[in-house]
Amino acid sequence: MLSPQHIAALEALVGPEGLVREAGDLAAYEQAARYGGGEAALVVRPADTAQVSSVVAYCVREGLSFIPQGGNTGLVLGSTPDRSGGQIVLSLDRLKARFEIDVADRTARVGAGVRLSALNAALEPHGLFLPIDLGSDPMIGGMAATNTGGARFLRYGDMRRHVLGLELVLADAAGTVLRLGDGLRKDNAALDLRQVVVGSCGALGVITEVMVEVKARPTQTAAALLIPRDEDAVLDLLLAFEKEAGEYLTAFEGMSRAAMSHALKHVASLRNPFAGGEIPAYAVLVELSRTSTGGASLDEVLERALTGLFEREDAPLADAVMAPPERSWALRHSLSEGLRASGPVTGFDLSFRRSQVMAFRREAIAMLAGEFGDYEVCDFGHIGDGGVHFNLLRAEGPASPERAAALNDAVLDLAVRKYGGSFSGEHGIGRANQAAYDAYTPDDLKRLSGAVVDLFSKAPVGAARFGPADA
């Protein structure tokens, strides 16, 4: 528990409106997006960078552990306190005053507490958007801290490709405010520490402001649900669309029958798009988009590509369903909701070389059927960039801690050790992934990462720990 003196000092820094201390009000900051969470000693909500700096400096000087928190939409327990009851949540949800859009430069400079939906709503009248497509509505600061990817990574990339500048409060006794980059797209005048901070999950400091490059909104889109001949044909389909659609290819998203079935069962607004209502073993959502006008419509481009695939002697395509893009995406975006409504989910955020995705999937399913038959594989993911959300549903309820640990080790050993994949494709490092980081990250890399953290600060930040335990 925090002493009354600490609470009074923090209140003096942020004002009464900047503290949350009642149990009922704390709950929203303590509960993780998917599962778990902890107990906060206090929630401190600074209103601007100066207040963040003052709070961080005070916590460092007094040895108080704190957790930076943005929209709290993460899935790896990186933004919630542990169960000790001794950690402070440093919420950035009031950092919204900075909101500048430069249409000519195609940039937006916003406070870390601005939501993705709010930014895109403000950009829409200008025909612009930040093209990170997610099933949640995070804050921009958290998106930079975790290097968010999303379903349109194939075309637009992750946050690292869009962040042109950052404002960062270091976790030192002075609460040093550091500005990294200022909107220049080309600048080799110094080491680009901005790119070190993006994706560091709060271990290097607290992001308070972000400048992002934004893109022109597509004026035309087309989409289809592809039913591959078999799982070996999925990569063939991807390569064919990259060749035929070129720069128009925006997304190539794989979905298993189990994942789609749970979405269609539990999300009332969804309509089954497949002929006769028969859900295929696997389907791929392919999307084309463009900002230019003139020439053949994207529906024609898509139809031409599909016709060519059907006419091939070794046709990799069994069937295809063309539908308005919003209907296709409604199914894709409902997969997580369907799983949440179906029972306890064990989720793995994996990443592979594209050529290894389906091979891993095949071997993992066979392994689980033999050793963990009480789990149902409900995977989906960003096949175009090698990302797989390998979700396992256990309808019987939570497994024992020992069985859950054995499952975790089996899946990650197969993914990381045999297939050379990543245990964290896009969700970052939080408490949920710390053990995997410790187990699978080479010692030399852990030591170097810990040294980088030390260079930025030496403070009791309760966020992701990189490197040795004393780093």
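The largest nonpolar core holds 52 residues, and Leu226, Phe241, Phe252, Phe360, Phe390 and Val411 touch the most other members. Helix H14 (residues 401-418) gives the most to this core, with 7 residues. A nonpolar core here is a set of buried Ala, Val, Leu, Ile, Met, Phe, Trp, Tyr and Cys residues joined through side-chain atoms within 4.5 Å. This is a predicted model, so local features need pLDDT of at least 70 and side-chain atom pairs count only at pLDDT 80 or more, while totals for chains, interfaces and linings use all residues. Numbering runs from 1 along each chain as its sequence is written, and side-chain values use heavy atoms, with hydrogens and water left out.

**Cores**
- Buried means under 20% relative accessible area, exposed means over 50%, and partly exposed is in between (1.4 Å probe, protein chains only).
- Helices (H or I, at least four residues) and strands (E, at least two) are DSSP runs, numbered from the N terminus.
- Leaving aside neighbours within four places in sequence, Phe241 is in contact with Leu226, Gly246, Leu249, Phe252, Val286, Leu302, Ala305, Leu306 and Leu309; contact means heavy atoms within 4.5 Å.
- There's also a second, separate core of 29 residues, which includes Val114, Leu130, Ile132 and Ala144.

**Aromatic pairs**
- Searching the whole structure turns up 6 aromatic pairs.
- Rings of Phe, Tyr and Trp (its six-membered ring) pair if their centres lie within 6.5 Å; planes under 30 degrees apart count as stacked, over 60 as edge-to-face and the rest as tilted.
- Phe360 and Tyr419 make an edge-to-face pair, because their ring centres are 5.9 Å apart and their planes sit at 85 degrees.
- Phe360 lies in helix H13 (residues 357-371) and Tyr419 in the loop between H14 and H15, so this pair ties together parts that are 59 residues apart in sequence.
- Phe360 and Tyr419 are both buried, and together with Phe352 and Phe390 they form one aromatic cluster.

**Second largest pocket**
- This pocket has about 720 Å³ of space.
- On a 1 Å grid over the protein atoms alone, a pocket is an open set of points where a 1.4 Å probe fits, with protein on both sides within 12 Å along at least five of seven lines; lining residues have an atom within 4 Å of a point.
- Grid points are joined across faces, edges and corners, and the volume is the space filled by probe spheres set on the points.
- Of the 40 lining residues, Asn147, Arg160, Gly199, Ser424 and Gly428 are the closest to its centre.
- The lining divides into 17 nonpolar, 18 polar and 5 charged residues.
- H16 provides the largest share of the lining, 4 residues.

**Loop residues to look at**
- Arg152 is in the loop between helix H5 (140-146) and helix H6 (153-156), and counts as buried because its relative accessibility is 17%.
- Arg106 has phi near 55 degrees, a positive value in a residue other than glycine, and is partly exposed at 39%.
- Cys201 also has a positive phi, near 60 degrees, but counts as buried at 10% relative accessibility.
- Leu77 sits in the loop between strand S3 (66-69) and strand S4 (87-91) and is buried at 18%.

How values were computed: Ala, Val, Leu, Ile, Met, Phe, Trp, Tyr, Cys and Pro count as nonpolar, Asp, Glu, Lys and Arg as charged, and the others, Gly among them, as polar.
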